[in-house]
Amino acid sequence: MIETANILIALALPLCLALFLARGEVRRFVGFFTAGLLCAFLAVHINSFLASVSGMAATEALVKLTPINEEILKALPVFCYLLTARSPERSDVAGVAIAVGLGFVTYENCFLLVQLGGGGFLLTLIRGLAAGFMHVSCAVLLGYGLSLLLNHRYMLLPGAFGLLCVQSIFHATYNLLVTASSGWQVAGYILPLAMAAALLLWRGKMETESG
Amino acid sequence: MEKIVEIAGCFIQLGVLAFLAVWAARQTKEIWLFRLMTCAFACFFFGTLFWTLHIFVTGGWPQGFNASYLSYLGFYCFFLAAEAGLKEKWTDEQRSAAQRHRKTALLGPVVVVLFHASYILLAGRPVLRTVFSVFLSLLFYHILLGFFAGGAYRRYHGVVLVAFVLELLIYLMGSLGWDTIYYIVSGMQLAVWFFIIPAIKEGMKI
C-alpha cells in the first residue's frame, strides 16, 4: 500500500503543482493525466480486492476481472468531463481520453518496474511499448468514439457503453495472450501495435474528411 | 471440429467487419450508421477472437463470466444506438405508422421474455441472461417499431430481426447443450449478417 502510494505521490505531486501554473489546454492535459495516475492507483487496489473476493487465481482474475475494472476506471474521468464541460469539442474529448490513458499507463509501468525490481531492459522496453500502446489505443478508441457520438444525444449512452465493452474485450484478449506461453506472448505484444496502426489509419481518414 | 468452426466464425466476422470499415471509409456523408455498425461488428469480432484464443491458449471454453459476454452487450448497445439515430430521421408518416403498431411491437419483448423463461427452466443460468434479455427486449421493441415504419426501414430492420431471432435460438441451443444445432444456427446467423451491408445501404437512403 505504502509503495503504491509513494509512486502516486512521486508522480502526481509535481503535476498537481503544475496545475496551478498552467492554463488552457495544457492545464486540462495535466489535470486528466493526473486523473489517469489516480485511476491506475485505484485500479491496483480494486483489482487485488476483486481477485480476493471472487476467489479467482491471479491469472484468471487478470483475464476476467482486471480489464473490465481498469477500463471502467479509465473511462470515468472522460465521462465526468463530458457531463461537466460546456459544449465540448470533438478534439477535446479525444484529448482528454488520451491524457487519462497516458497517465494510467505511466503509473502502471512505474508500479510494475518497482514490483518486478527491474526485469531487464528488454522486458521493460517491450512491456512498456505493448502496455503503452494497448492503454493508449483503448483511450483513443473511447475518445474518438465518444467524439463521433457527441452530436447525437440519444446515441451517446448506448454508444459509450458499447465502446467500454470493446475496450474491455480488447484488453482481456491482450491479457490472455501475454499471460500465456511464449509464442502467444509475442502475439499479445503485437496485438496493440496492430490496433494502434488501425486507429492511425482511421484518424488519418477522419482528418482528411474534416480537412 | 470445435476449433475449426470457431476459426471459421472468426474469419467470417472479420470479413464483415473489414467490408463495413472499408465501406464506411468510402462514404462521403451520413456515415454514422456505417460507423456504428463497424463498432458493433468490431465488438462482436473481438468477443469471438477472445473466445477462440481462449480455446487455443487454455485448451477449453472460458468458464463463468468472461470478457466475451461483453461483446454481446456491446453489440446490442451499438444496435440500440443505431436505432436511436435512425429514429431521429423518421418522417411524420413513418412516425405515425410506427405509433400505430406500438402495441404489436411489444410482441418483441414478450418473445424475449419467453425465451428467457425457457433458459431459466431448462438451463438454470438466469442472472447473466437477465442482463442480456433486458437489452434484447429493448432492441426487439425498437427493431419491430422500425420494421413497421415501412420503406427502406422495413428492409433494414427485416434483416436485423431475422439475425436477432437466430441469436435467441443460438442462446437456447447453447444453454441446452445441443452443439450440432448450435453450430448450424450460428452458421445461418453469420450468413444473414452478410446481408446487413446492403440492408444498411437501404437504411441510409432515407
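This is a predicted model: local features need pLDDT of at least 70, side-chain atom pairs count only at pLDDT 80 or more; totals for chains, interfaces and linings use all residues.

Trainee: What are the confidence scores of chain A and chain B?

Mentor: pLDDT is the predictor's confidence in each residue, from 0 to 100. Chain A has a mean of 86, with 94% of its residues at 70 or more; chain B averages 79, with 88% of the residues scoring at least 70. The model as a whole scores ipTM 0.84 and pTM 0.86.

Trainee: What is the secondary structure of each chain?

Mentor: Elements are DSSP runs numbered from the N terminus: helices are H or I over at least four residues, and strands are E over at least two. By that rule chain A comes to eight helices and zero strands, and chain B to 10 helices and zero strands.

Trainee: How do you know that the radius of gyration of chain A agrees with that of a compact globule?

Mentor: The radius is taken over C-alpha atoms, and the globule rule is 2.2 Å times the number of residues to the power 0.38. For 211 residues the rule gives a value near 17 Å, and chain A has 17 Å, so the two agree. Along its principal axes the C-alpha trace of chain A spans about 45 × 40 × 35 Å.

Trainee: What makes A:Ala130 a buried residue?

Mentor: A residue is buried if 20 or more other C-beta atoms, placed from the backbone, lie within 10 Å of its own, exposed if 12 or fewer, and partly exposed in between. A:Ala130 has 20 such atoms, and therefore counts as buried. A:Ala130 lies in helix α6 (residues 121-149) of chain A. Across the chain as a whole, 42% of the 211 residues count as buried.

Trainee: Which residues does A:Ala130 touch, leaving out those up to four places away in sequence?

Mentor: Two residues are in contact if their C-beta atoms, placed from the backbone, lie within 7 Å. On that basis A:Ala130 touches A:Tyr189 and A:Pro192. The C-alpha atoms of A:Ala130 and A:Leu193, 63 residues apart along the chain, are separated by 7.1 Å.

Trainee: Why is B:Leu36 called buried?

Mentor: B:Leu36 has 31 C-beta neighbours inside 10 Å, and so it counts as buried. B:Leu36 lies in helix α2 of chain B and, leaving aside neighbours within four places in sequence, is in contact with B:Phe78, B:Ala81 and B:Ala82.

Trainee: How do you know that the span of α4(A) agrees with its number of residues?

Mentor: The expected span is 1.5 Å times one less than the number of residues. The 19 residues of α4(A), 66-84, should span 27 Å, and the end C-alpha atoms are 28 Å apart, so the values agree.

Trainee: Where does α7(A) bend, and how many of its residues are buried?

Mentor: α7(A) bends by about 30° at A:Gly159. The helix is mostly covered, with 21 of its 26 residues buried. From first C-alpha to last, α7(A) reaches 38 Å, close to the 38 Å expected.

Trainee: What makes up the side of chain B that touches chain A?

Mentor: 28 residues of chain B are in contact with 23 residues of chain A. The elements giving two or more residues to this side of chain B are α2 (32-58) and α3 (67-88) of chain B, and the largest share, 13 residues, comes from α3(B). By class, this side has 19 nonpolar, seven polar and two charged residues. Here Ala, Val, Leu, Ile, Met, Phe, Trp, Tyr, Cys and Pro count as nonpolar, Asp, Glu, Lys and Arg as charged, and the others, Gly among them, as polar.

Note on methods
Residues are numbered from 1 along each chain as its sequence is written. Chains are lettered from A and ligands numbered from 1 in the order in which they are written. The bend at a residue is the angle between axes fitted to the seven residues ending there and the seven starting there.
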